[in-house]
Amino acid sequence: MLEIKNLHATADGKEILKGINLTINAGEVHAIMGPNGSGKSTLSYLIAGKDGYNVTEGEILYNGVDLTEMDPEIRAAEGVFLAFQYPVEIPGVPNTIFLKEALNSVRRHRGEEELDAMQFVKMVKTKAEELGIAKDMLKRAVNVGFSGGEKKRNEILQMAVLDPKLAVLDETDSGLDIDALKVVSDGVNQLRSDDRAILMITHYQRLLDYIVPDFVHVLAHGKIQRSGGKELALELEEKGYAEYGVAAE
Amino acid sequence: MSKVVNAAQPYVDQFDAVKDRLPGAQLPWLDAKRLAGIERFAEIGLPTVKTETWKYTRLPNLEEQGFRAATWEDGQVEVSGVPAFFNDADSLTRLVYVNGIIHPGLSRLENLPNGVSLEPLAQVLVNEPAFIEKHMSSEQAGYDQGFSALNMAMMESGTVLRVASGVIVTDPIEIVYLCGSTDQPIYRHPRNLFILGNGSQATLIKHHAGIATGAYFNNTVTEVSVGDGAFLRHYTIQADCLEALHLSAVNVRVGRDATYENFNLAIGGRLSRTETRVRMEGRGGHCNLSGAYLMKAREHCDNTTIIDHLVPDTTAREVFKGVLNDEARGVFQGKLIVHKDAQRTDGYQMSRALLLSDRAEMDAKPELEIYADDVKCSHGSTTGQLDETALFYLRSRGIPEAKARNLLIQSFVAEALEEISDIKVREAMANLVIHWLPAQCYLAEEWKQA
């Protein structure tokens, strides 16, 4: 589904990624772990298409098509989803309007019929309940006044509504207490399926206790230094990133 | 000095030519006021960039435009209809002017509630001159604004709204001003008088729209009196055409425990300036002067407000939001004067502008003059661009860029629209905002369901 080949990239003109190779197939859950500044977030923004991040060499293929040529909204419509590390507050835009507009934009692109208000409300209510999202959170402006946990749950709700094929979760565990972490993880686990791929980006191993990955990769100095199974995460938890030339924090 | 006199001279000549035909001619007190007005105008002249309160608003060369006085014939130009502000507009009271002349076919005054009158100034000058004399304050001849003095001299049309004490009017009353489509650009000097008796309530909508393209020049002065315990909602929609010049001075007195709510939505006009002066004269009075302006091309919109807190325990609130595209310019000047005795004044003022283009420009000048010691006043002013992070967030969820931009602009303006306490008017204004936005607009219905 996702093939990253020899990816070199800059952020604000500075070289951050220095030759990443990574293949993710449908049904797989991958975790990229790495210290601060290793290029984790740069990779997630490159996949989602944020301005200011440029590929200088190599490519990102999504179902065989070069992803970097697509506008962010087209990527989303084609099934790419990024759960933000810092979800953005949008004053004045009610959460339901935002979700409905997003869903119907994606459905239009996919040649599916748009949902009317009734159908949409019914659908979003069910999904919101599963994620323990209160009704008033749907009515409020997008992420405005949300707690850290509410923001992350709102990200997973968007993911559940948009039904992506490739979901990238950027530091989804940061800022969550243990209860919120459980709710969010349950939400993600429900979305695991044979035709969906998930890429988790995280600093700590904690999240991986709840969302157990099939593969773990260590990213440091802009390169994947090592890949392995879920046990690699435990090893990192114990030893830190010191052996990859990164000082303990 | 001689230069100023020269610039004013054509107006003085015009006044001499038309003064005997103006409404109320031969009323000695009015003749005296008109004369004082033209003398004052000749003395001050047209504002220039050196005029402190006109620092950011430069008038185009009015001589070059070849404006002439509006005639009865100008009111007979063909009008296809009135731009609908409300969906159920057909049942609401409205007075329609076409180039300053009342259009009886489009107006609907039969459902005016008891205790409310809505009449042309000229008619009231004939029937009740003493009423007009009483409500045109004597100090007006000493205007420090040239255009207001000129209006005093030249006022030829306008509307008198009276709501008797204790009368509560729930349905909005709309005054529609359609302008344009004349062979030559015309100028007009309407003078409005809105008088709310003690304990009365009303909602008034002034709706300005261009009939077709073409220049015209409106120089309006509106006197408003909100009696003790009264509540006036005074809304303006300025949807003039791209070449229109629109100057409006609004002078308001707010009585004890009275509320004056003013919202000005400007979505069109080559140059517009609304100068609102409010005198808080009674304890417990509240005023809200807010607005939104959406300007494109080389349009220019100036909102200038001056609020005088004269007595203790009055409150004022101002929220202005502007969206400026292309080479449009916005100006906000907000002055709050808390006089010596006006203890416990509570004033809040906010001006925010969104620049959609590198060539758009915003000038904001908040001013506080405080002479009392126990007051709560705050103000803030920001000018910025569309939040790129928010834009990316929306796009990353599949929302196309143009639509995402609209959504952000719409939500930016919505914050100002929230100042409108009449929900129906707020929704109608939100609709106008949506239609101003570039392609791929939202339907208001969708927005409302939230």
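**Figure 1. Overall architecture of chain A in the predicted model.** Residues 24 or more positions apart contribute 72% of those contacts in chain A that have a separation of 6 or more. The model shown here and in the following views is predicted. Chain A contains 9 helices and 12 strands. Its radius of gyration is 18 Å, close to the 18 Å given by the globule rule for 249 residues, so chain A is as compact as a globular protein of that length. Along the principal axes, the C-alpha atoms of chain A fill a box of roughly 55 × 40 × 35 Å. Buried residues make up 46% of the 249 residues of chain A.

**Figure 2. The contact between chain B and chain A.** On the side of chain B, 21 residues are in contact with 27 residues of chain A. Three helices of chain B, namely H7 (388–395), H8 and H10 (444–448), each supply at least two residues of the side that touches chain A. By residue class, this side of chain B comprises 10 nonpolar, 5 polar and 6 charged residues.

**Figure 3. Surroundings of helix H7 of chain B.** Of the 8 residues of H7(B), 6 are buried, so this helix is largely enclosed by the rest of the structure. The buried positions are B:Ala390, B:Leu391, B:Phe392, B:Tyr393, B:Leu394 and B:Arg395. The elements against which these buried residues of H7(B) pack belong to both chains: helix H2 (72–77) and strand E7 (90–94) of chain A, and H8 of chain B. H7(B) is also among the helices that each supply at least two residues of the side of chain B touching chain A.

**Figure 4. Packing of helices H8 and H9 of chain B.** Helix H8 (residues 401–417) and helix H9 (residues 423–436) of chain B pack at an angle of about 150°, and their axes are 11 Å apart. Because angles over 145 degrees count as roughly antiparallel, H8(B) is roughly antiparallel to H9(B). The crossing in which H8(B) passes H9(B) is right-handed.

**Figure 5. Residues at the contact of H8(B) with H9(B).** From H8(B), the residues B:Gln410, B:Val413 and B:Leu417 take part. They meet B:Arg426, B:Met429, B:Ala430, B:Val433 and B:Ile434 of H9(B). The residues of this contact divide into 6 nonpolar, 1 polar and 1 charged. An α-helix has 3.6 residues a turn, so residues three or four places apart point the same way.

Definitions and conventions. Residues numbered from 1 in each chain as written. Chains lettered and ligands numbered in written order. Predicted model: local features only at pLDDT ≥ 70, side-chain atom pairs only at ≥ 80, totals over all residues. Axes fitted to C-alpha atoms, helices over the stretch in contact; angles between N-to-C directions. Helix = DSSP H or I, 4+ residues; strand = E, 2+ residues; numbered from the N terminus. Parallel < 35°, antiparallel > 145°, perpendicular 65-115°, else oblique. Left-handed = near helix turned anticlockwise from the far one by under 90°. Contact = placed C-beta atoms within 7 Å. Nonpolar A, V, L, I, M, F, W, Y, C, P; charged D, E, K, R; others polar. Rg over C-alpha atoms; globule rule 2.2 N^0.38 Å. Buried ≥ 20, exposed ≤ 12 C-beta atoms within 10 Å, placed from the backbone.
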